[in-house]
Every structure is written in structure tokens, then in C-alpha cells.
Amino acid sequence: MLAPLPAGFVDADRSLKTLTCHKDATAIQIIEHSSCFIDLPPELWTTIFLQMDARAILRCCAVCHRFKDIVQASMELQYRIELAADGMVDGPPSSLTVRERLTRLRELRQSWATLQWSSKISVPMPGPCHAYELVGGVFCKLYHSVPHLFRDRHLTAAWLPSALDPQGHTLVRENVGLSTRDFAVDPSQDLIIYFKGGDTNPLLGLTVFGTLELHVRTLSTNEVHPEARSPTLRMSVLLPVTGAFMQIVDDIVGLWYVIELELPHITMWNWKTGKVIVNRSTFCVPLKTWDLSFISSRAFFVTTGQKSGTIEIFTFDVHRPKSNVTHVASLQLPVINPHIRVIGFSTHTGPFLARPPSGRPFVAANEERIHVFSVRYVHPNPDTVRRQMRFCMFLKNSTLERYIRKYESRSGAGGEGSAVPLAVPWEEWGTEDTRFMVHQWNQFEWLRYVHGHRVVLPAPATRNGRAMIRVLDFNVRHEVRQSHPNPAEDDGATDSTKAAVICVDSPTTPTPQSIQPPRERYAISKHPRLITEPSVEDYPLFFPKPFETALPYREMWYEPEVEYAGIMVDEERIVCLQQPFSNGDMNDIHVFTM
């Protein structure tokens, strides 16, 4: 929330006004050559700095000691800087003060650094689960009642407990009124969109004939969403649809669906206007496409098995009725041997929120996210020692956005070949911007194991047969700003994309313990460590030469008391699903709050 400028400042010198625009590169030079400006009252400088983002504020700290002291003395400026360092955005106005929000931010950072949580809460979730979502702290599941298998669809939505809301609450809707098979939600918009399926047995899989229908409702009342001009979004299909995946990103809802004997299809609507933005007439899905994911509400990528595997980046313009999809770049994976084939290339990332939900002090920024890829290679010789290999690859969203900006910069220059997508070989981007790991755990059966820069993985069992929980955090800084440093964060890893948000001394504000007493801790991570050295993948059966990946990350391990069927994560909790479901009943889910 930006503070208003004092009335007396409005008529100040025009050069001083440039300070309110952090994009103006001359602002710092003006300060350096105008000593009279530096002598302005601290309150006025605080107001000026509040018009800037965190990166610009820290640049100003490098100008002189006075600016640095002003920034360190301001709780609001400290909060803005630390939000950016943690990949968060501020929440809506509430009864929480800036001091309380900053305290909660530091407390949450410390909890994740050592996997310490304040409580373990069992949330009742009776009945089976045929579709589910975890978005914005709300866990939803859809199931079909046995007596009315083909009609009734039951929805349970649980606003999960948190440190600020230990109880949470649950909404149960006995019948949503649709024969729906899947859904997507955005609690920040009170939005739920149902994908209507056929009235076949849901246990036999999804089969839809004739027309795809998306029904736009409110999560709270199940009525037509007030911002939707059309209650139903439709798309005709000629052959049965056997699988689909849906995602909401702000005003866009994207549907990835599979038709037998055909390539996958992608359709995107503006759910508010009801208009189709992307479909078969405006976008031709590349050959050997495996999966789809959004980068933002106006950009997406698909993974393909072409060559050694590629990530194809696209943008789209909602205001252009035809040819609105632009192929921006093609990022190539490591070169494989001629006889090796890519037989799987899936991707997953955290959910998108249009805005921070009500009551939340802050949430993970949509731009600050990690994408997880599962790449599977096969050797054609059935007698080879190791015929198949599966890798996990981790990639920051900022890398994908960087190539979008590079393409737009080149296209704006109007140079020769400006409309040709960027072809980026692995050596130009992969080594520094990704991290490869051999896939040594079971295949993911439950999604939502990624949120922001964190990934939670089911790690291999220990010697005593107990399963482990492994958390990877790719938000690595050279120095984390906090009033009580954590030893696990003292290593010297540098994230080049955030280098300007890390080099100010620790703030002089009170520690969290001085504002509220320390909480009881229920778990401690085993040996958290920072990984900055490159890892080398050397598998001559699959790759002609070894290759390195060096994206830094922090790794934490935890051995739970029981084994879980699924593990999910968001910015302030880990959600665990019990195993096995008794008689198909989900029973309780275990929520570990940070």
C-alpha cells in the first residue's frame, strides 16, 4: 500500500519528482548531484522511498549513509524489502499493523528454514475424493455419492488452519447441481469453475462427447459468478475427450484436453467476458507435445518430445481476435544420443491467485515460482543394463519471463528476423538456470507439491523403512535479512536475479520474540543444507557427454511419524494425506502449520 505524498511536496522541483518513478535510471544520479535534496526531513524521504519498489529502495541505500539509516529506521520500508526478498506480495488492509506483518514474515521464514511448525491439526474430510485442489489456503474435494452415482456431486471446501486462524472453517455442499468431473478454484475471486463430464462411471475415467462445458460459479454460494457475462463456457468436440486439466490465472481459464488419436488440444477463455482467447483456429499445438503450464495470465509454455526435448514459450493478446498467439522461444534440453527417445515430459507449478485473499497478511507472488519437470528417457535396446531413466528438472519462472522480454525487445527493434522465435540451445541457458536430479522417488500421485519457490517431495525410505519428507527451497539469497540469523543461511550462494535485494545490514527493528512469545515447536529438520555447487549428470547410455546444472537451493529433510499417501504445500503449511484410504474414505488430512 503506497503512502500519499505530502501536500507540500506536490509542487517541489520537477527533478525531485523523478524519484517517485523507480524505472527512471537518472533518479539516483539526481540525488548524488543534489546535496540539498539529501538534507530533506527523514519523513519526507520515507514517503519518497515508499513510492519505489524494493530494488530501487536498496539502490538508494548505496547512495549515502543517511539514506541507509532512513531505510533501516522505517518499519514500512523494511517490510517492503523483506517481502520482495521472500518472493511475497502484501495482503489487503486488515487489523494487522505493519509491525505485526513484518513479525509474521520473519517468523514464517525462520520456520521454513528449519522445518519447524507450530501445530499439527487434523481436519475432517469424510467421503472419497475424485477431484481436489489446494489454492490460497483452501483445500477442496469433489466426490460422487454411491446411491446417486451419476447425478450428485458433493463439494467440501476447507479453509485450512493457520497461525493467524487456528480453527479454520469448512463448507459442505451436498450437491453442486452438475455432473461435473473436475474443477478449478481461485478463492481470492470467490471463483470455482466446474468442468462438466458425461454421466459414465467416474471410476472408469473421463469421457465427454459433443460439447465441453465450463460452469462459472461462486465458491461461497454456488451461484453464477457476478463478474461472468456468460454462466457457461462451451467448446464443441467431434471425438470423445478422455482426459483434461484446467487452471485459472486471473481472468483466464485454460483447458488442456486429450482426444484419442489426436494431438492434445488447448482452449483458453476469458471467463469474465465469455470469449474464446486461444483455440485450434488461433494456435496449432506443436508436435509431440506432452504438457502445458502458465507463466502468467498472458503467457504459457508447452513441453515437447521434439529432438532432445524442448520448452516452447508463447504469449497471447486478448484484444487480437485472430493470430493472437506468438511463439516467443524454444528452450532445448541437453542433447541425447541418436537412439534415445523422450517418452514423457510433464510439468507442474503452484496455483495462481488474482489477488491476496482477505485476511492474509501476504502471499507468494505469482511471478516468484518454480516449475518442476519430470523428463523420462528410454533406450530402444531391451537388453541394456538401464533401459529407462527419469529426471526431475527445476526451473524458475523468472527465466521464462526473461526470454519473453528478450523476444519483445528484439521484436520492438524491428530488426531482420524479429518475428522468428528464439532458438536457445541448452548450453546458453540450462547450466546456470536449472537443476537436474535423478528421479529416485515414487511418481507423484497427488499434485500441489509445489508452491512459490518451494517443492515438497516424497523422499526414498530410510534404513528403518520409514518414508521421509524432503523440502527444496529455490529462493536462495546471499544474505537473508532478519533480526536473528539462521546458521543454515550463512552460505554464500548468489541468485543473480535478486542480487540487488540482499545486501543491506540486518534491521534494527524489534525481534519477533519481543512482540509475542516464542511458539512451541513440533518438528525440527535434519541437517538443513545449502547446495550451491554444480551437479554433474554423467550417463553415457543416454547423453553423449556429461552436463552440469547449478541452480542453487536449500534442502531440508523430515521423518514423519506415519507414512502419507500425498504431500502438498503452500506458503504457510504442509498438508499430508493419510495412506491408505480406508474403504475409499479420505478421513482426516493432517495440516502442519508454520
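Start with Glu572 and Arg360. Their side chains form a salt bridge, 3.3 Å from N to O. This is a predicted model, so keep that in mind throughout. The two residues sit 212 positions apart and link distant parts of the chain. Glu572 is in the loop between strand S32 (564-570) and strand S33 (573-578). Arg360 is in the loop between strand S19 (341-348) and strand S20 (362-364).

Are these two buried or exposed? Glu572 has a relative accessible area of 8%, so it is buried. Arg360 comes in at 11% and counts as buried too. The cut-off for buried is under 20%.

Next pair: Arg454 and Asp473. Here the salt bridge is 3.5 Å, N to O. Arg454 lies in strand S26 (residues 454-459) and Asp473 in strand S27 (residues 468-473), so this bridge ties together parts 19 residues apart in sequence. Arg454 is at 15% relative accessibility, which counts as buried. Asp473 is buried as well, at 10%.

Stay with strand S27. Arg470 is in that strand, and its partner Glu555 is in strand S31 (residues 553-558). Their salt bridge is 2.6 Å, N to O. The pair spans 85 residues and links distant parts of the chain. Arg470 is buried at 12%.

Now back to our opening pair.

What does it touch, beyond its neighbours within four places in sequence? The contacts include Cys140, Leu155, Ala157, Trp159 and Leu171. Arg173, Asp190, Leu191 and Ile192 are also among them. Take Asp190: it is 29 residues away along the chain, yet the two C-alpha atoms are separated by 5.2 Å.

Last, the whole chain. We have 10 helices and 34 strands. Of the 594 residues, 56% are buried. Among contacts with a separation of 6 or more, 62% are between residues 24 or more positions apart. The accessible surface is about 26000 Å², and carbon and sulfur atoms hold 53% of that.

That's it from me. Over to you.

Conventions. Residues are numbered from 1 along each chain as its sequence is written. This is a predicted model: local features need pLDDT of at least 70, side-chain atom pairs count only at pLDDT 80 or more; totals for chains, interfaces and linings use all residues. Side-chain values use heavy atoms; hydrogens and water are left out. Helices (H or I, at least four residues) and strands (E, at least two) are DSSP runs, numbered from the N terminus. Buried means under 20% relative accessible area, exposed over 50%, partly exposed in between (1.4 Å probe, protein chains only). Contact means heavy atoms within 4.5 Å. Accessible areas come from the Shrake-Rupley method with a 1.4 Å probe; for residues, only the protein chains shown count as cover. A salt bridge is a side-chain nitrogen of Lys or Arg within 4 Å of a carboxyl oxygen of Asp or Glu.
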